[in-house]
Amino acid sequence: MKKDTGFDVAALGELLIDFTENGLSAQGNSLFEANPGGAPCNVLAMLKKLGHSCAFIGKAGDDILGRQLRQVAVEAGIDMTHLVMDQESRTTLAFVKTAPNGDREFSFFRNPGADMLLTQEEIPQEVVENCGIFHFGTLSMTHEGVRQATCQAIDWAKNGGALLSFDPNLRPPLWESLEEAKRQIGYGLGKCDILKIADNEIEFMTGETDFYKAAVMLREKYPNIRLLNVTAGSQGSYSYYKDHWVFVPALQLGGTIETTGAGDTFCACVLHYVLTHGLEGLTEENLREMLSFANAAAYLVTTKKGAIKSMPEQEEVEALL
């Protein structure tokens, strides 16, 4: 389903530094490692590993960390022509505290951060209209200006015939209220063709802990969703497509350090499968194959720190399988 012109995937959203815990100093103070990240760019980094052309749309501060982010993304093979470098704002930072099981707690420095200052005028219409898949999340929907830019990009992508991919990526501290978060996630759900949603997010949106019942609720309310995938951490992942409902357990091989970037890696692998096989006539066997590959790639990311620089090669995933 690749287009003859344009990028396979264009993604809009945040580009930031994840400061992740990395041991203690000689004095016993916590050490943090500056890992380049941001969910949309993480997705593109894995897609590049899988051989797809990718473009990122967003804004970073024209500062030390913003320039580092741009360089890392360029080295990953992502087209960064449409990353706006802003001299008036600073690059968003996230400090990540990791629990023994690999789960994370975030503290954001983003009031404002450069990524939330992207304007509608800075969106490259021709890139959005001509991509095969347009991917977005909700960190670009937390504030009015960047929300308008995101909604405009969604409309352009839809009008251009792109498939829309959505990952809510709920981060409660970044919202004025959880009610507003629910409204904006609902907007994304009403626009997307492909949904990747985490276990806590689908419960947040439906109040239902049974993933199948929750998926049915979302599909009934948002019939535009053609492929719905639920990630459930160490439990595994689920895929809901037409009348098919498939579960594939996660790999339990040990060695997990932290889970940053795992969901983004999973999402990228799903988009890779759609780019390769299309979104029509998928069978339960197709869905299991898709989830198995995505689970394996996500597991490999959890054995390293950070995201963009932790993405596995396709050969590594296949060897693990």
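Predicted model: local features only at pLDDT ≥ 70, side-chain atom pairs only at ≥ 80, totals over all residues.
**Stop 1: cysteine 41**

Start by selecting helix α1, which covers residues 39-49, and find cysteine 41 within this helix. Is cysteine 41 buried or exposed? Its relative accessibility is 0%, so cysteine 41 counts as buried. Now show what surrounds this residue. Apart from neighbours within four places in sequence, cysteine 41 is in contact with Leu15, Phe56, Ala73, Ile78 and Ile308. Cysteine 41 and aspartate 264 are 223 residues apart along the chain, yet 8.8 Å separates their C-alpha atoms.

**Stop 2: the cavity**

How many cavities of 30 Å³ or more does the structure hold? There is one. The largest cavity has about 30 Å³ of space. To see its lining, select Glu14, Ala39, Pro40, His135, Phe136, Gly137 and Asp167. Two elements, α1 and β8 (133-136), each give two or more residues to that lining.

**Stop 3: arginine 147**

Move on to helix α4, residues 144-159, where you will find arginine 147. With a relative accessibility of 13%, arginine 147 counts as buried because the cut-off for buried is under 20%. What lies 3.3 Å from a polar atom of the arginine 147 side chain? Select threonine 142 and look at its backbone oxygen: that is the atom in question. Threonine 142 is also one of the residues in contact with arginine 147 once neighbours within four places in sequence are set aside; the others are Ser140, Met141, Glu180 and Gln184.

**Stop 4**

Finally, select the cysteines and show their sulfur atoms. How many disulfides are there? The count comes to zero. Take cysteine 151, which is buried with a relative accessible area of 17%. Cysteine 267 is in no disulfide either: its nearest cysteine sulfur belongs to cysteine 269 and is 9.2 Å away. Cysteine 267 also counts as buried, at 2% relative accessibility.

Technical notes
Residues numbered from 1 in each chain as written. Heavy atoms only, no water. Helix = DSSP H or I, 4+ residues; strand = E, 2+ residues; numbered from the N terminus. Buried < 20%, exposed > 50% of the residue type's maximum accessible area, 1.4 Å probe, protein only. Contact = heavy atoms within 4.5 Å. Polar contact = N/O pair within 3.5 Å; in protein donor to acceptor, adjacent residues only side chain to side chain. 1 Å grid on protein atoms, 1.4 Å probe; cavity = no way out; pocket = protein on both sides within 12 Å on 5 of 7 lines; lining within 4 Å. Points joined across faces, edges and corners; volume = space filled by probe spheres on them. Disulfide = S-S within 2.5 Å.
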